[in-house]
Amino acid sequence: MAVNLVNVENVSKVYGTRALLDGVSLGVSEGDRIGVVGRNGDGKTTLIRMLAKLEDADSGRVTHSGGLRMGVLTQHDSLDPEATVRHEVIRDLADHEWAGNAKIRDVLTGLFGGLDLPGFPQGLDTVIGPLSGGERRRIALAKLLIDEQDLIVLDEPTNHLDVEGIAWLAGHLRERRSALVCVTHDRWFLDQVCTRMWDVQRGVVHEYEGGYSDYVFARAERERIAATEEAKRQNLVRKELAWLRRGAPARTSKPRFRVEAANDLIKDVPPPRDSSELMKFASSRLGKTVFDLEDVTVTAGPKVLLKHITWQLGPGDRIGLVGVNGAGKTSLLRALADAAATGGERQPADGHIRVGKTVKLAYLSQEVAELDPSWRVLEAVQRVRERVDLGKGREMTAGQLCETFGFGKEKQWTPVGDLSGGERRRLQLLRLLMDEPNVLFLDEPTNDLDIETLTQLEDLLDGWPGSMIVISHDRFFIERTTDRVFALLGDGTLRMLPRGIDEYLERRRTMEEAAAANVPAARPAARTTEKSASDQRAAKKELQKIERQLDKISEKETALHARIADNATDFAKVAELDAELRELAGRREELELRWLELAEDA
């Protein structure tokens, strides 16, 4: 029987006139891996701070088992700014001692990319004081993970980690014997790590078995039976549930309730977006050209980030962009934005960017734009536009869009200066969408957004007709909102990844293993003759043709999956449709292999 580590008994906490937690009773036992979700401001951080005894409850009590070893990662570290990374993380261990410890080597490599801490000016001997908040946070996380604990409590551990770092952390936590309580908005991470969920809502904590996908299923079932939530939220849950069940079945662990009930909930829910319909609408708004890059080189000061890139962003394209930090993702977006802002006059260091005449770009950068702090939320939105056309006859007022983004009627009259960082982020995105752009660049749009707001944003983007590039470390968000993934692997190239982020992680592992072995990464044998410029142009054109064919195959596969679901009881029809599906899969594999061959020539 699992030993109980922490008991939370009838705990309440009030701020001002608002009860964040009201009579909450919970427990954490050995082996538990608990994910904590809920809207910003509903008390997630307060709950885990009281659980860790960093904050006192107004009533009730929190008890720890005797001798409990607990590690806590809060949103504000307690590192000594005068100390070095070595002193805080490795302490007084001699080099041969820590270098011989497999756990320390694994943590340093996983969080920093190597034992010598590449990216830090003096490696382990770098002084902490001048470092950025993200670098300090990784140091605090490394310090915690190197120790042995019975219970680890983490508040937003994936902040400031890239896709590889998040994947490493998920694997590391799965292998640890410590119990875990984790607040995060990263839904992929929750699915990978957690076996139970706590949903903090309006002072109450609902408990669910399983990871994030199971939680979505169970919450939808609970709301269907209880019928307590408003229709709008129910529709959002059902839409996300449909995507999870149809689009990514491998991400869910075994649900602990009736799968039939979940399937019944989504039987009449269409796919998240009608890609072909959106493509037609996007083409009518944008024409044939959005951005065409011809032999473009992107630099940051003296450093060359991307070399001789030929690429095209077409009408209706929804692209996810991933890559190692510093590879040039944001620099690429800035180069495109500069060209758009100047009508094509401002060009990169080398090559040419052609911008479509009808392009109207909205760019959500990582920096939150400053707004007049005295403006009210609704006023800040209305200053852009009173109403917005979302396409296909959908129109919303500024007030309605505010509500969609979590600004209720009372919150709409709050001064901008009183908003939290996450709320300002939401307001910035809202103002961008109110300006009715037809091209969106989103650079880390999920920062500071809670899961409920993320699902609302995804729902809004599902019906948004235009071209879109998303940079994000939130794997779930990229897979949910985009149709194709491109990667910057740090070698100056931009590559399409037919298998998405899984393929990106595989390629990065291969590159790291090759670098560790001090040999070049595996590549096809060198050509005996150099490709001519005309051969390269032909290869690039064929690449673009193959990418369009792959998009069409994806649309056909989506339609076939829907027909199979509609004819689930007609076994002959299902067999016929399944044969078509297998044929498409074979064609996809041929095209992907050809794409990889051409990528070398191009």
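Asparagine 10 is found in strand β1, which spans residues 4-15. The model described here is predicted. In it, asparagine 10 has a positive phi of about 50 degrees, although this residue is not a glycine. Its relative accessible area is 49%, so asparagine 10 counts as partly exposed. Most residues other than glycine have a negative phi. Arginine 202 sits in the loop between β8 (196-201) and β9 (204-209). Arginine 202 counts as exposed, because its relative accessibility is 54% and the class begins over 50%.

The overall architecture can be stated briefly. The protein has 20 helices and 20 strands. Of its 602 residues, 51% count as buried. Contacts between residues at least 6 apart in sequence were also examined. Of these, 69% join residues at least 24 apart. The protein exposes about 28100 Å². Carbon and sulfur atoms supply 48% of that area.

Two buried residues illustrate contacts between separate parts of the chain. Leucine 293 lies in strand β10 (residues 291-300). With a relative accessible area of 3%, leucine 293 is buried. Leucine 293 and isoleucine 353 are 60 residues apart in sequence. In space, their C-alpha atoms are 4.6 Å apart. Leucine 293 also touches isoleucine 353, when residues up to four places away in sequence are not counted.

Valine 163 is placed in helix α6, which covers residues 163-175. Its relative accessibility is 8%, so valine 163 counts as buried. The C-alpha atoms of valine 163 and glycine 323 are 8.0 Å apart. In sequence, valine 163 and glycine 323 are separated by 160 residues. With residues up to four places away in sequence left out, valine 163 touches Val322, Ser472, His473, Ile501, Tyr504 and Leu505.

A search of the whole structure finds 31 salt bridges. One of them joins the side chains of arginine 136 and aspartate 77, at 2.8 Å from N to O. The pair links distant parts of the chain, 59 residues apart. Arginine 136 belongs to helix α5 (residues 133-146). Aspartate 77 belongs to the loop between β5 (70-73) and α2 (85-90). Arginine 136 is buried, with a relative accessible area of 16%. Aspartate 77 is partly exposed, at 31%.

Helix α5 takes part in another such link. Lysine 143 forms a salt bridge with glutamate 88, and their closest N and O atoms are 2.7 Å apart. Lysine 143 lies in helix α5 and glutamate 88 in helix α2, so this pair ties together parts that are 55 residues apart in sequence. Lysine 143 is partly exposed, with a relative accessible area of 26%. Glutamate 88 counts as buried, at 7% relative accessibility.

A further salt bridge connects two loops. Aspartate 435 pairs with lysine 360, with 4.0 Å between the closest N and O atoms. Aspartate 435 lies in the loop between α15 (421-434) and β17 (439-443), and lysine 360 in the loop between β13 (350-355) and β14 (361-364), so the bridge ties together parts that are 75 residues apart in sequence. Aspartate 435 counts as partly exposed, at 35% relative accessibility. Lysine 360 is partly exposed, with a relative accessible area of 35%.

Salt bridges also occur as a network. Lys13, Arg49, Glu55 and Asp58 are linked in this way.

Charge is gathered on the surface as well. Lys545, Arg548, Lys552 and Lys556 form a patch of positive charge there. Lysine 545 is found in helix α19 (residues 533-566). Its relative accessibility is 48%, so lysine 545 counts as partly exposed.

Conventions. Residues numbered from 1 in each chain as written. Predicted model: local features only at pLDDT ≥ 70, side-chain atom pairs only at ≥ 80, totals over all residues. Heavy atoms only, no water. Helix = DSSP H or I, 4+ residues; strand = E, 2+ residues; numbered from the N terminus. Buried < 20%, exposed > 50% of the residue type's maximum accessible area, 1.4 Å probe, protein only. Contact = heavy atoms within 4.5 Å. Areas by Shrake-Rupley, 256 points an atom, 1.4 Å probe, with all protein chains shown as cover. Patch = residues over 30% accessible without salt bridge, like charges linked within 9 Å, V, L, I, M, F, W, Y side chains within 5 Å. Lys, Arg positive; Asp, Glu negative; His and termini not counted. Charge placed at Lys NZ, Arg CZ, Asp CG, Glu CD.
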